[in-house]
Amino acid sequence: MNQTERQQYLTTEFFKRFGQLPTLFSRAPGRVDLMGSHTDYNHGYVMTMAIDRDAWIAARPRTDRQISIASLNMDGSSTFLLDDITHDNAVPWTNYVRGVADVLQIAGHNLSGFDGLIHSTIPFGSGLSSSAALEVATATLFKLFNNLGIDSVGLALLCQRAENQFVGVNCGILDQYSSALGQTGRALLLDCRNLTTETVALPKNFQVVICDTRAKRALVRSEYGKRRAQCEEGVRRLAKFYPGVTALRDVSPAQFDEHEADLPETVAKRCRFIIQENQRVLDLANALSNNDLSALKSLTADSYLGARDLYQIGCPEMEAMMKAMNSAPSTIGARQAGAGFGGSMVSLIDTYSLKPFTRHVQKEYTAATGIEPKVYPVNSVAGAGPVVPV
Ligand code: GLA
């Protein structure tokens, strides 16, 4: 479906549900991280990009304070009043919309209601930030309908707050930031402490390819919280030796080596991974700008090994996918993506080898696991905004 067809499809479906035509379409993309797993909540660095898979909301403002939201991809729909925002346990995806409305109002913004219909091309639960995209598309809609004076960083922070405080997932800033501030044709070197970015051009002959393991991600929610707590414990202990350390970002590799033995074993492993992974993000930025392919290969390989052995966010399907990706002749680099525990992984390949790469990964991965993976190219796109008619 091209943009015009998608707009037409949403318009027709919107009319069927609401009996009127939408007046505005907002869009917000998913993201993939090229380096920097779990570094965001440690105030570190991530190499990320917004991808050409996105959530759209077709909407029409209402004169009252009611929000009616439905989706073409997810079951159920929901209606609520801006004066009484509660959780909807029957249709849980609507909590992303409710949460954004709630935090915007708590932050003092005046909102009015709308009827909205969502259409997303980001596979759900595959680690590409489908929920952050829904939050950011919702916030963008509120911003446009109510002329809110919020910049893109502010919007990302509010959406993260909605996820932390309303939905109850203690995520970092990576997903919402990437969705709100992505740039066409560039990756972002994101500094999660200062919330600033440098943009990095991907070499022309590079193609980023998502390799979705389609493994069940049952562990992700509980284990994510445990990893955060272990990093925080590391910070508390290391701060005794290095006053001024408030996040793992502040600890240099040499400082860590000095006091690794003072940490409980598991905490030490988690901290080692984060400290090394942070450095790898900076090294990847250099490797990309120097077109240093061998550095790229070893950095991505080391990132995966650290994620598997130190941070322990791997699973057998990720191991099988890593083997499948790395045994393709055109692979320049391959690693995990998102929070881990299954979901999508990411490869950098030579653009001209997309077809043989895809065939190879599908064949090898299915032979090893019995699961048919999803393998598809993605390109970097601009962050959230109104859908501009073509
Ligand atoms: C999830 C979280 C992000 C980030 C990644 C891991 O996507 O939502 O904040 O922590 O995992 O890098």
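## Strands and the model

Strands here are DSSP runs of E with at least two residues, numbered from the N terminus. The model is predicted.

## The cavity

A search of the whole structure finds one cavity of 30 Å³ or more. The largest cavity holds about 40 Å³ of space.

β9 (331-336) and β10 (344-350) each give at least two residues to the lining of the largest cavity. The lining residues are Leu34, Thr300, Gly333, Ala334, Arg335, Val346, Ser347 and Leu348. By class, four of the lining residues are nonpolar, three are polar and one is charged.

## The ligand site

The ligand sits in the largest pocket. Around the ligand are Arg31, Gly36, Ser37, His38, Asp40, Tyr41, Cys171, Gly172, Asp175, Tyr224, Gly338 and Ala339. This shell has four nonpolar, five polar and three charged residues.

## Polar contacts and cover

Side chains of Arg31, Asp40 and Asp175 reach oxygen atoms of the ligand. For Arg31, a polar side-chain atom lies 2.9 Å from a ligand oxygen. For Asp40, the distance between a side-chain N or O atom and a ligand oxygen is 2.6 Å. For Asp175, a polar side-chain atom is 2.6 Å from an oxygen atom of the ligand.

On its own, the ligand has 300 Å² of accessible area, and the protein covers 92% of that area.

Definitions and conventions. Residues are numbered from 1 along each chain as its sequence is written. This is a predicted model: local features need pLDDT of at least 70, side-chain atom pairs count only at pLDDT 80 or more; totals for chains, interfaces and linings use all residues. Side-chain values use heavy atoms; hydrogens and water are left out. On a 1 Å grid over the protein atoms alone, a cavity is a set of points where a 1.4 Å probe fits but cannot get out, and a pocket is an open set with protein on both sides within 12 Å along at least five of seven lines; lining residues have an atom within 4 Å of a point. Grid points are joined across faces, edges and corners, and a volume is the space filled by probe spheres set on the points. Helices (H or I, at least four residues) and strands (E, at least two) are DSSP runs, numbered from the N terminus. Ala, Val, Leu, Ile, Met, Phe, Trp, Tyr, Cys and Pro count as nonpolar, Asp, Glu, Lys and Arg as charged, and the others, Gly among them, as polar. A residue is near a molecule or strand if one of its heavy atoms lies within 4 Å of it. A polar contact is a pair of N or O atoms within 3.5 Å; within protein, one must be able to donate a hydrogen and the other to accept it, and residues adjacent in sequence count only if both atoms are side-chain atoms. Accessible areas come from the Shrake-Rupley method with a 1.4 Å probe; for residues, only the protein chains shown count as cover. A molecule sits in a cavity or pocket if more than half of its atoms lie within 2 Å of its grid points.
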